[in-house]
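I opened the model to look up a few points and wrote them down in order. The entries follow.

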Amino acid sequence: MEELSAGGPLVPAVKSELSKPPFPADAAPSFSAGDAYPVSASAMSELDKDFLCPICMQLIKDAFLTACGHSFCYMCIITHLRNKSDCPCCGHYLTNSHLFPNFLLDKLLKKTSARQISKTASPVEHFRQTLQKGCEVTIKELDSLLSLLAEKKRKMEQEEAERNMQILLDFLHCLRKQKVEELKEVQTDLQFIKEDINAVEKHRLDLYRARDRYSMKLRMLNDSGGRKSWHSSIDKSASGLMSSPLNLRGGLSSGSLAKKNEGRSQISSHGQGVQRKDAISGSDSQYINQSGLALVRKKRVHTQFNDLQECYLQKRRHSADKPHNQQERDTNLVSREGYAAGLEDFQAVLTTFTRYSRLRVISELRHGDIFHSANIVSSIEFDRDDDLFATAGVSRCIKVFDFSAVVNEPADAHCPVVEMSTRSKLSCLSWNKYAKNQIASSDYEGIVTVWDVNTRKSLMEYEEHEKRAWSVDFSRTDPSMLVSGSDDCKVKVWCTNQENSVLNIDMKANICCVKYNPGSGNYVAVGSADHHIHYYDLRNISQPVHVFSGHRKAVSYVKFLSTDELASASTDSTLRLWDVKENIPVRTFRGHANEKNFVGLSVNSEYIACGSETNEVFVYHKEISKPLTWHRFGSPDVDDAEDEAGSYFISAVCWKSDSPTILTANSQGTIKVLVLAA
């Protein structure tokens, strides 16, 4: 840049790099008015940098030059001068009167932009621009171009068709491969079914033959018994004729006595005939009842046919995939000749699934005053021997009932055998499976208490939880250990011989439920508000053994069906079954409604029971994802029947060991004893 003269500012010139031609004056080539200087790519790059506005660092738009010789976008420098009165580059004093339009730079920028556009434009765009500029082209040249374009079009269409054909061919090959695999699977399944049909038919024929042999023996015994009784009656009558003193003394004649005996024998034979007819009619009615029951069970099979089919194929394929030595061990355990292990397992499922179709009420009692709103039963649990069951809830009281008395005595006489008052509302109960008199509770203040039912006093009180404790559970393998979970995001392990917790697990979300593995005191399942189930080995709590994911909302309950099977409930209205040995999901159960409340969960070896926010109890078979049956609680008040579904919900359930009997309670304080029935 040239320096300013003493007399005042001179009209600024463009930067020397742009003002000086790249060639000497005498050697400068001649250019037309529309041509630009030929520059290299590196030189063009440097020029592009000079064309950037120092303020916005973009290509200058509406270039204006300052008195100190710097160029900016018009809007950029005007905006700057509203706040400051200096040049952004050199700090020289500057006002709006010191700004001048830079026409030459604008022209160079337009040429640069056009050059950049031409670099990125396609040949078609160049050709279109050439025609638009009025470039003269002869008809012959146009025909040549058109034929060239047509040939190019045909070639592109052919390539496109070849690509489409290749895609279609790849799809068909993939489809054929998939269908061949499916066909192989279907053929394998058909082979399984054929083998199983033959095995079942053979076993059924054996059962028919055994039944026929049994019936034949019964008929032979009946016939021989009838003949013996008839011969004995004849012998007695004959001996009576020979030895009767009345006959010797001229009493009753032999003819009249014979008639009497004949009449008696006729009556006897008639009586035997009536008894035989009654036996036959009884067997017929029994057969009719059995056939009717068989029809009902067949109907259940057809209702859940898809789920049963999936269960059968899964078990059959699983047994076929086992190693050969494992199959030999399983074959030794099979009691029926020719039955595969998978078929044996499926028959057990089919038998237990079709055995029951409804829940029947065998007893009912009230947990408290029906007019009192605080009657929700949060937990209901059987003791070690299933003789007693305890209830707890928002009524701040643990009530212990005698189960046989509840079932056998009238409803008016249902009184608890033990009552223990608490300071706070209760959330969960757990009986000690070794010490029959011990029961643990968790409450809304975070206190975990161990009670002695005999003395009705607390043995231990643990107050380390900072918020509401939702769950507590005694270990089945170590009667002195118990675990609890709380809203303070902590899982604590306690020992009844110590006053403080022996182990603490900090988690990131609220704890809704905890449960010991029944086969080991080292493993604990934890259901959390983070939608996951965390399975911990208490010997190493730095991280869980596995985290089971699948629920979409908080996990409200976890229960073990066996040492390897874990059931969980969630407020996403589903139950899920998990394999904690293989760490895999097994099955999802749907049918009940549960979006916000604790509705209860209980399991035994075959069945899973849970409550619903529709005031219904649902029972699932562990191998079938749809409900086996359900029972709706009725409202004692007719006026409440319409809004009952929205007002009441099932709040607790508990199986009586592996029996078909289940205890259920709802938010109204009604407790029912239900039993699975055909």
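How many helices and strands does the protein have? I counted 13 helices and 31 strands, taking helices (H or I, at least four residues) and strands (E, at least two) as DSSP runs numbered from the N terminus.

**Ground rules.** This is a predicted model, in which local features need pLDDT of at least 70 and side-chain atom pairs count only at pLDDT 80 or more, while totals for chains, interfaces and linings use all residues. Residues are numbered from 1 along each chain as its sequence is written, and side-chain values use heavy atoms, with hydrogens and water left out.

**Whole chain.** I looked up burial and found that 36% of the 678 residues are buried. Buried here means under 20% relative accessible area, exposed over 50%, and partly exposed in between (1.4 Å probe, protein chains only). I then looked up contacts, meaning heavy atoms within 4.5 Å. Among those between residues at least 6 apart in sequence, 49% join residues at least 24 apart.

**Cores.** Nonpolar side chains tend to be buried together in soluble globular proteins. I took a nonpolar core as a set of buried Ala, Val, Leu, Ile, Met, Phe, Trp, Tyr and Cys residues joined through side-chain atoms within 4.5 Å. The largest one has 26 residues, and those touching the most other members are Leu 359, Tyr 607, Val 617, Val 619, Trp 655, Ile 662 and Leu 676. At least two residues of this core come from each of helix 6 (139–243), helix 9 (305–321), helix 11 (341–354), strand 26 (607–611), strand 27 (616–621), strand 29 (650–655) and strand 31 (670–677). A second, separate core has 17 residues, including Phe 64, Phe 72, Cys 87 and Leu 105.

**Asn 604.** Is Asn 604 buried or exposed? Asn 604 counts as buried because its relative accessibility is 5%. I found Asn 604 in the loop between strand 25 (601–603) and strand 26. I checked its polar contacts (N or O atoms within 3.5 Å; within protein, one must be able to donate a hydrogen and the other to accept it, and residues adjacent in sequence count only if both atoms are side-chain atoms). The Asn 604 side chain reaches the backbone nitrogen of Glu 606 at 3.0 Å, and a polar atom of that side chain lies 2.7 Å from the backbone nitrogen of Tyr 607. Leu 561 is 43 residues from Asn 604 in sequence and 5.6 Å away in space, C-alpha to C-alpha. Not counting residues up to four places away, Asn 604 touches Leu 561, Trp 655, Ser 657, Asp 658 and Ser 659.

**Lys 315.** I placed Lys 315 in helix 9. Lys 315 counts as buried because its relative accessibility is 18%. Its side chain makes a polar contact of 3.3 Å with the side chain of Glu 623. Leaving out residues up to four places away in sequence, Lys 315 touches Gly 342, Asp 345, Phe 346, Val 349 and Glu 623.

**Val 580.** This residue is in the loop between strand 23 (574–579) and strand 24 (584–590). Val 580 counts as buried because its relative accessibility is 8%. Its contacts beyond four places in sequence include Asn 517, Tyr 535, Phe 548 and Phe 560.

I found residues 53–90 to be 26% helix and 18% strand, with the end C-alpha atoms 14 Å apart. Helix 3 (residues 74–83) has Cys 76, Ile 77, Ile 78, His 80 and Leu 81 as its buried residues. These pack against strand 2 (71–73) and strand 3 (99–101).

**Positive phi.** Met 57, not a glycine, has a positive phi of about 60°. Met 57 is in the loop between helix 2 (41–50) and strand 1 (63–66). Arg 456, also not a glycine, has a positive phi of about 65°. Arg 456 sits in the loop between strand 11 (448–452) and strand 12 (457–462).
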